[in-house]
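Trainee: Hi, I have a new structure open and some time to go through it. Could you walk me through it?

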Amino acid sequence: MVKLETQDIQGIILSGYNHLPFSKYLLLHITNPKKAQEWLKQLLPQITNSDWGIKPNIQKPSQAINIAFTYTGIKKLGLPPESLRTFSNEFFEGMAEDNRSRQLGDEKKNSPTNWEFGSPDKKEIDVLLILQAQSPLGESPQSSQEELERLGKEELNKLCHHHRELFVSTLVVGEVVKEEEGYLPSDFKEHFGFHDSISQPEIEGSPKDTKGKQLIKAGEFILGYLNEDGNLPPTPNISAKYDIANTLKPLNKNSDVKDLGRNGSYLVFRKLSQDVVKFRQYFSQFSNPELMAAKVVGRWQSGVPLTLSPDKDHPDLLERKDFDFNHIMNNFNYMETDPHGYRCPFGAHIRRVNPRDSLGVDPQQSIESVNRHRILRRGALYGERLPGGFLDDYSNCREADSKRGLLFLCINSNIRQQFEFIQQTWINNPKFNGFYDEIDPLVSPKSTSMTIPKEPVRERLTIPEFVSVKGGGYFFLPSISALKFLAYYQQ
């Protein structure tokens with residue numbers, strides 16, 4: 001079993017921080033690179049690493065601070081051109097590059113020209129500062145959920161104010177381009193009403209209890225470790241002559257090049273707006289709205305997969321003390337119980353983003369292939385949840401007056417092979433798994449058809465788009481030692 005250097009890995013890589021439900025995302029623009037290094041020096045001791053998850057005597061953090069940089073941010077810290085060229089091409093070009101936008105489906109209303117942040121015609125984003133907090137300890141056990149949320153947001157606002165002022169006013173490093181606020185609801189349901197963040201890969205060497213679970217090689221998510229192909233993923237590096245303080249490890253035993261990427265990763269950030277009114281109005285036309293919505297998603301709202309329960313939801317399972325939620329909800333494949341898609345349609349969202357054993361004729365080969373394209377999902381909801389359900393009257397509801405959606409973050413060591421592959425080859429590919437004109441029915445960038453396999457006659461739906469892109473970017477998530485190097489680096 002591989003041993004991860006958890007003290008050197010930023011905490012957001014190995015943890016979704018479910019105990020820290022309140023979050024803010026500061027998108028920052030650097031105007032003074034020298035001051036940026038001073039800022040980074042002050043920030044370094046506060047960056048949350050992954051070490052707290054493996055030792056029982058280390059308490060879970062009551063707050064978490066993590067940081068990532070765009071290519072322009074890394075460049076402003078003064079790295080030499082030969083080092084900058086070792087970062088991935090996707091990271092260098094950015095999410096909003098024209099060809100990439102077409103590949104990701106970011107066109108028309110989803111075009112970067114319509115984004116709130118991250119497009120070439122808007123203020124350059126250099127840094128993503130992620131702040132997370134919980135309700136303060138010591139509150140009365142009789143406190144209501146509303147009171148706990150208020151206290152938690154107050155803690156987060158204090159944390160955010162401190163770091164905003166440090167960046168903008170105290171050190172005058174630059175300016176805040178955009179500030180996003182997110183939260184994790186106690187029921188873990190996203191705005192469409194479905195239990196989210198269920199199918200997460202377990203990393204080999206993770207401090208979590210992974211007994212009996214299928215593990216994915218650490219190199220799929222963390223640079224410096226072997227991936228599913230048995231190789232080390234490409235990593236940014238720099239000449240050893242610049243590492244005066246000997247902060248970084250050599251790229252290999254006999255190398256005079258230092259590994260700038262080890263224990264780091266790449267982070268994808270996208271702001272996705274969800275049209276909940278349109279979603280509910282569309283499914284309200286069916287005699288069984290919950291079932292038809294589950295067919296599109298691939299799971300019931302409780303999180304129970306259709307493959308395990310094709311006819312009805314089982315929210316009662318969540319109340320059982322002996323119920324291992326994540327294990328049961330993920331312990332299934334398709335080919336043994338649902339080879340024809342009668343339970344979970346081939347085009348359902350969860351069957352597209354994680355096809356498991358259902359690609360091609362060899363189930364094991366399919367699993368091995370899919371494991372090369374997994375991502376670690378992080379992030380939070382933004383905006384208030386819309387009350388009610390499918391059968392409520394929304395004729396007078398103006399969705400635009402109550403914006404809501406998902407702040408999507410994912411972690412992967414190879415943006416092209418992981419996030420972009422899923423987006424282009426599985427989500428937006430009309431020929432996915434034998435289709436010829438269907439794309440993902442849940443997060444598609446435009447209206448699409450969807451086939452529901454049935455006997456004796458299949459059903460074919462025309463589904464409008466429910467999700468739109470409001471902003472995004474590609475970031476490098478350095479290790480703790482790489483952050484130290486960047487803070488003290490001098491050319």
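Mentor: Happy to! One term before we start: a residue is called buried when its relative accessible area is under 20%. Keep in mind too that this is a predicted model.

Trainee: Got it. Which residues of helix 9 are buried, then?

Mentor: They are Pro289, Leu291, Met292, Ala293, Ala294, Lys295, Val296 and Val297. That makes 8 of the 9 residues in helix 9 (residues 289-297), so the helix is largely enclosed by the rest of the structure.

Trainee: And what covers those buried residues?

Mentor: The cover includes helix 8 (276-283), helix 11 (349-353), strand 12 and strand 13.

Trainee: How many residues of helix 14 are buried?

Mentor: For helix 14 (residues 480-488) the count is 7 of 9, so this helix is also largely enclosed by the rest of the structure. The buried ones are Ile480, Ser481, Ala482, Leu483, Phe485, Leu486 and Ala487.

Trainee: What do they pack against?

Mentor: Their partners are helix 2 (33-43), strand 2 (63-69), helix 3 (71-76) and strand 7 (237-239).

Trainee: Switching to charges: how many salt bridges are there in the whole structure?

Mentor: A search finds 31. Take Glu438 and Arg460, whose side chains meet with an N to O distance of 2.8 Å. Glu438 sits in the loop between helix 13 (416-427) and strand 12 (448-452), while Arg460 belongs to strand 13 (residues 459-463), so the pair ties together parts that are 22 residues apart in sequence.

Trainee: Is Glu438 buried or exposed?

Mentor: Glu438 is buried, at 2% relative accessible area. Arg460 counts as partly exposed, at 36%.

Trainee: Which residue pairs with Glu459?

Mentor: That is Lys454, with the closest N and O atoms 2.7 Å apart. Lys454 is partly exposed at 39% relative accessibility, and Glu459 is partly exposed at 23%. There is also a network: salt bridges with shared partners join Lys24, Arg164, Glu179 and Glu181.

Trainee: How far apart are the closest N and O atoms of Glu155 and Lys158?

Mentor: They are 3.8 Å apart, and the two residues form a salt bridge. Glu155 and Lys158 are 3 residues apart in helix 7 (residues 145-170), so about one helical turn separates them. Glu155 is partly exposed at 22% relative accessible area, whereas Lys158 is exposed at 55%.

Trainee: Last topic, voids. How many cavities of 30 Å³ or more are there?

Mentor: The count comes to 2.

Trainee: Great, thanks for the tour!

Technical notes:
Residues numbered from 1 in each chain as written. Predicted model: local features only at pLDDT ≥ 70, side-chain atom pairs only at ≥ 80, totals over all residues. Heavy atoms only, no water. Buried < 20%, exposed > 50% of the residue type's maximum accessible area, 1.4 Å probe, protein only. Helix = DSSP H or I, 4+ residues; strand = E, 2+ residues; numbered from the N terminus. Contact = heavy atoms within 4.5 Å. Salt bridge = Lys/Arg side-chain N within 4 Å of Asp/Glu carboxyl O. 1 Å grid on protein atoms, 1.4 Å probe; cavity = no way out; pocket = protein on both sides within 12 Å on 5 of 7 lines; lining within 4 Å. Points joined across faces, edges and corners; volume = space filled by probe spheres on them.
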